[in-house]
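I opened my notebook to walk through a new structure, one entry at a time. Come along and keep the picture in view.

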Amino acid sequence: MKEIIEKILADPRYQKNIEYGEPRSGHPEGKVKYHIAELEANLERLAPHGISEEQYWNLRFLIHVHDTFKAVATPDEPIISPNSHAFLAKKFASEFVHDADLLNMIQFHDENFALWKQFAATGTYDRKRFENLLETIQDWDLFLMFLIIDGSTVGKDPNKTRWFINEVRKYKQTEVDESWLL
């Protein structure tokens, strides 16, 4: 995976797209490259929880790809839309890896936030959407680790991640729990 990440870092599309962004709600750091730097620091903070070397490199891969196509995406598109940043990032990532689960993690990396917004507004959320996510993601340890890394930046409320971890743990067995929060 290290070699794949090096190829991604050298890709002109990646290099151009990480320059995108202005400070905004949830992302006061602005540019995607600053977000990536925060997430890399969070990965190092998470490492003492005992993540494996394979998990470490998969997490670095997710860090570098997940938001890289915000520059060319249509804003506020649904997660499954071909014009969403998540779909475009998954398409880009598929040029480098063929691991369906990793690609799905890229596609659905913001699904937890969408479900939480529904819950915060109404006290409930779309159960079918959640069940589809539970069926789609296979490695819940890795996915939750990534959500912790991504959700532990300035401007993001860790209670949203805590809520989602606890919802997942009702249905899936995972070593990751709220004690992993950074």
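**Entry 1.** Where is the place of Phe-143? I found Phe-143 in helix H9. I noted at the outset that I am reading a predicted model.

I then asked myself: is Phe-143 buried or exposed? Its relative accessible area came out at 0%, and the cut-off for buried is under 20%, so Phe-143 counts as buried.

Next I looked up its contacts, leaving aside neighbours within four places in sequence. Phe-143 is in contact with Met-105, Phe-108, His-109, Leu-133, Ile-137 and Phe-164. I also checked Val-176, which is 33 residues from Phe-143 along the chain; the C-alpha atoms of the two are separated by 9.6 Å.

**Entry 2.** I turned to the largest nonpolar core, which has 54 residues. Which of them touch the most other members? They are Leu-59, Phe-61, Trp-140 and Phe-164. Helix H9, residues 140–151, gives the most to this core, with nine residues.

Not counting residues up to four places away in sequence, Phe-164 touches Asn-112, Leu-115, Phe-130, Leu-133, Trp-140, Phe-143, Leu-144 and Leu-147.

**Entry 3.** I followed one of those partners, Asn-112, and found it in helix H7. Asn-112 has a relative accessible area of 10%; under 20% means buried, so Asn-112 is buried. Not counting residues up to four places away in sequence, Asn-112 touches Leu-147, Trp-163 and Phe-164.

**Entry 4.** How do H7 and H10 pack? Helix H7 (residues 111–122) and helix H10 (residues 158–169) pack at an angle of about 95°, with their axes 10 Å apart. Angles of 65 to 115 degrees count as roughly perpendicular, so H7 is roughly perpendicular to H10.

I wrote down who meets whom: Asn-112, Phe-113, Leu-115, Trp-116 and Phe-119 in H7 meet Lys-160, Trp-163 and Phe-164 in H10. By class, this contact has six nonpolar, one polar and one charged residues.

**Entry 5.** My last stop was another helix pair. Helix H5 (residues 85–93) and helix H6 (residues 100–107) pack at an angle of about 155°, and their axes are 8 Å apart. An angle over 145 degrees counts as roughly antiparallel, and H5 and H6 are therefore roughly antiparallel to each other. I noted their crossing as right-handed.

From H5, the residues Ala-86, Phe-87, Ala-89, Lys-90 and Ala-93 meet Leu-103, Asn-104, Ile-106 and Gln-107 of H6. I sorted this contact by class into six nonpolar, two polar and one charged residues.

Conventions: Residues numbered from 1 in each chain as written. Predicted model: local features only at pLDDT ≥ 70, side-chain atom pairs only at ≥ 80, totals over all residues. Heavy atoms only, no water. Core = buried A, V, L, I, M, F, W, Y, C linked by side-chain atoms within 4.5 Å. Buried < 20%, exposed > 50% of the residue type's maximum accessible area, 1.4 Å probe, protein only. Helix = DSSP H or I, 4+ residues; strand = E, 2+ residues; numbered from the N terminus. Contact = heavy atoms within 4.5 Å. Axes fitted to C-alpha atoms, helices over the stretch in contact; angles between N-to-C directions. Parallel < 35°, antiparallel > 145°, perpendicular 65-115°, else oblique. Left-handed = near helix turned anticlockwise from the far one by under 90°. Nonpolar A, V, L, I, M, F, W, Y, C, P; charged D, E, K, R; others polar.
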